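Colleague: Please walk me through the pockets and the aromatic rings here, with the criterion behind each label.

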Amino acid sequence: MRLTCIIIDDEPLAVELLEGYVNKTPFLKLQGSYYSASSAFEAIKRSPVDLVFCDIQMPELSGMELARMLPERTKVVMTTAFSSYAVEGFRVNALDYLLKPISYNDFLEATDKALKWFEATCSSDVSAIFVKTEYRIMRIELNDILYIEGLKDYVRIHLCGKTEPVLTLMSMKALEESLPSDRFIRIHRSFIIQPSKMSYIERGRVVFDKKHIPVSDSYRQAFLDFLSTHSIFRG
């Protein structure tokens with residue numbers, strides 16, 4: 001498993017140090033470095049990441065304030081030169097806290113903790129997901145999901161035996177990453193499906209009862225590979 005991450009710090013030398021640490025850690029992929037929390041937040045809205053290395057003390061928007069604004073799935077490792085901020089870091093549910101000057105050994109311990117958290121969360125043993133819909137947090141059994149439809153900032157989760165889908169404010173990318181890859185696959189920019197629930201495939205479209213979903217060219221080969229490698233679809 002590889003985690004996408006960004007670095008946020010208003011000190012160029014601190015950014016350079018962490019960039020070096022990320023680049024020599026095989027399970028991390030750097031998506032960008034930012035010198036302000038506000039510019040980083042705009043980038044995260046466009047392209048969510050798994051992990052954020054964030055300095056606590058920054059002008060305009062602090063690391064603490066940013067942490068409270070992030071999607072639930074994005075986890076934070078706080079960095080600071082002041083040990084007195086450790087408690088504050090854990091108040092915003094930070095995965096870990098790194099005291100400057102940061103050694104690679106401490107960095108590796110924190111990132112290993114993050115990797116284990118994501119591996120546990122994304123395990124194929126997961127049987128349900130929790131999503132926010134209206135004013136409730138709803139548990140959805142994976143086995144009940146037929147397909148997921150993307151609608152800009154929202155997604156519709158279509159369920160077995162339900163006429164109305166569950167609507168939740170979430171990106172397709174974040175939801176795709178929370179689903180076990182041995183059960184769900186993206187077949188279109190706007191659709192993720194659970195192939196074991198489909199009725200049949202006809203003329204490049206997947207059929208669920210009366211719903212026909214196109215398989216786009218960019219996802220076609222991955223979909224065919226998925227079908228060929230999962231025993232439930234072999235003849």
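**Pockets and rings**

Modeller: α6 gives the most to the lining of the second largest pocket, with 3 residues. The model is predicted: local features need pLDDT of at least 70 and side-chain atom pairs 80 or more, while totals for chains, interfaces and linings use all residues. Numbering starts from 1 along each chain, and side-chain values use heavy atoms, without hydrogens and water.

Colleague: What makes a residue part of that lining, and which lie nearest the centre of the second largest pocket?

Modeller: A lining residue has an atom within 4 Å of a pocket point (1 Å grid, 1.4 Å probe, open set with protein on both sides within 12 Å along at least five of seven lines). The second largest pocket has 11 such residues, with Lys-173, Glu-176, Glu-177, Leu-179 and Ser-181 nearest its centre.

Colleague: Why is the pair of Tyr-147 and Phe-191 called tilted?

Modeller: Ring centres within 6.5 Å make a pair; planes under 30 degrees apart are stacked, over 60 edge-to-face, the rest tilted. Here the centres are 6.2 Å apart and the planes at 55°, so the pair is tilted. Tyr-147 is in strand β8 and Phe-191 in strand β12 (DSSP E runs of at least two residues), 44 residues apart.

How values were computed
Helices (H or I, at least four residues) and strands (E, at least two) are DSSP runs, numbered from the N terminus. Rings of Phe, Tyr and Trp (its six-membered ring) pair if their centres lie within 6.5 Å; planes under 30 degrees apart count as stacked, over 60 as edge-to-face and the rest as tilted.
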